[in-house]
Amino acid sequence: MNTSNKTVLTMEDSVASREKSLPVLDYETVSPLRKFARDLFVSPLINYIIPTDFLVKILKTSHSELAHESLSRPGGWRSMMLAYANQKPLDMIDALVIKYGTFPMGLRNRKRMVVRKLVELIDYYLTKDGEANIVGVGAGTGVNTIEAIAYRRGSKVKAHLFDLAEDAFVKGEELKRHHDVEEHVHFIKADVAHLDKYLSIRPHIVKLIGIIEYLPDENLHKLLDDVSPFLTPESTVVVNTLEDAHNIDRFLKRVFNLNFYYRSPARLVEILKRHGYSDFRHEYEPLRVYSLLTAHRR
Ligand SMILES: C[S@@+](CC[C@H](N)C(=O)[O-])C[C@H]1O[C@@H](n2cnc3c(N)ncnc32)[C@H](O)[C@@H]1O
């Protein structure tokens, strides 16, 4: 990574210096046997064989809060929070949805990966510049950023988190208090298109997590047009991909009306290159539902 300091600092150096307190990546995985059974029996059943109305009825009659939330507000910040919380299942359907569903499992893995990456980047910029400024777009409750900052609470770290859903900030304020990071995190209700009205700083880290999979290419290009001018050559963008790695898209569409825009890392790199990004780093979580890309715009 290129720096303006005299000493050339790599991400690995700054990570190594604080390695003891990095978040542990305790990922969730699926055993080959379970994957085999899922591919052979579960996928055909939920995608094709069981009628949609019946699946919806089963979900409605279960006590699964995640199923109910996903039926009424598919893909919203509340369902993300329920998937992250992974509370003790209330019945068998709830267990199948929240504990063993590859989508919520992948989401929890993504959160682990994002929090870890943010802590690594915070360390890098703290070592390099003595401060770290984060901008999050479509941040919801800000849980990823809040948890990452909690690891470096005493430092000069600031986050400006944008979302349109003001109700997510109520939960976010609770999380800020819980993690004792009130001074570090600011929520802003605004569309990403209006970032310029609210941002006076040049962010070190721009976080686009849980947003681009809801956007068709046209809107993704617009989002990148809105966000990219704020990045300096030293800034890092952190963005996730989503892929239908476990063949559940048909189920998600017909039952929850969830219409995702899947993109492989290669496809996202192609799009980011068109907006001037380079220097890509990429990693998958073990279920390969989500991956994280970081890039610079130099
Ligand atoms: C699926 S949630 C993800 C929340 C959080 N990033 C996470 O990963 O847990 C997507 C969020 O993006 C927000 N959002 C969608 N379009 C937006 C826009 N144009 N500007 C700001 N926020 C937006 C929604 O309100 C929603 O809270």
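Visitor: At what distance from an oxygen atom of the ligand does a polar side-chain atom of Tyr84 lie?

Guide: A polar contact is a pair of N or O atoms within 3.5 Å; inside protein, one must be able to donate a hydrogen and the other to accept it, and sequence neighbours count only if both atoms are side-chain atoms. For Tyr84, the distance to the ligand oxygen is 2.7 Å. Keep in mind that this is a predicted model, where local features need pLDDT of at least 70 and side-chain atom pairs pLDDT 80 or more, while totals for chains, interfaces and linings use all residues. Residues are numbered from 1 along each chain as its sequence is written, and side-chain values use heavy atoms, leaving out hydrogens and water.

Visitor: What are the distances for Arg110 and Asp163?

Guide: An N or O atom in the Arg110 side chain is 2.8 Å from an oxygen atom of the ligand. For Asp163, a polar side-chain atom lies 2.5 Å from a ligand oxygen. Taken as a whole, the protein covers 85% of the 600 Å² of accessible area that the ligand has on its own (Shrake-Rupley method, 1.4 Å probe).

Visitor: Which residues come nearest to the ligand?

Guide: Count a residue if one of its heavy atoms lies within 4 Å. The shell here has 19 residues, and Tyr84, Arg110, Gly138, Asp163 and Ile209 come nearest. By type, eleven are nonpolar, five polar and three charged (Gly counts as polar, Tyr as nonpolar).

Visitor: Which pocket does the ligand take?

Guide: A pocket is an open set of points on a 1 Å grid over the protein atoms alone, with protein on both sides within 12 Å along at least five of seven lines; a cavity is a set where a 1.4 Å probe fits but cannot get out; lining residues have an atom within 4 Å of a point. A molecule sits in one if more than half of its atoms lie within 2 Å of its grid points. The ligand takes the second largest pocket. Of its 32 lining residues, Gly138, Ala139, Asp163, Gly210 and Ile211 are closest to the centre. H5, helix H8 (143-150), strand E2 (157-163) and helix H11 (217-227) each give two or more residues to that lining. The lining holds 17 nonpolar, nine polar and six charged residues.

Visitor: How much space lies in the largest pocket?

Guide: About 730 Å³. Ile46, Leu96, Val97, Gly101 and Phe251 are closest to its centre, out of 32 lining residues. Helix H2 gives the largest share of the lining, six residues. The lining splits into 23 nonpolar, seven polar and two charged residues.

Visitor: How many cavities of 30 Å³ or more are there?

Guide: One. The largest cavity holds about 60 Å³ of space. Residues lining that cavity include Thr102, Phe103, His246 and Tyr262. Seven of the lining residues are nonpolar, two polar and two charged.

Methods:
Grid points are joined across faces, edges and corners, and a volume is the space filled by probe spheres set on the points. Helices (H or I, at least four residues) and strands (E, at least two) are DSSP runs, numbered from the N terminus.
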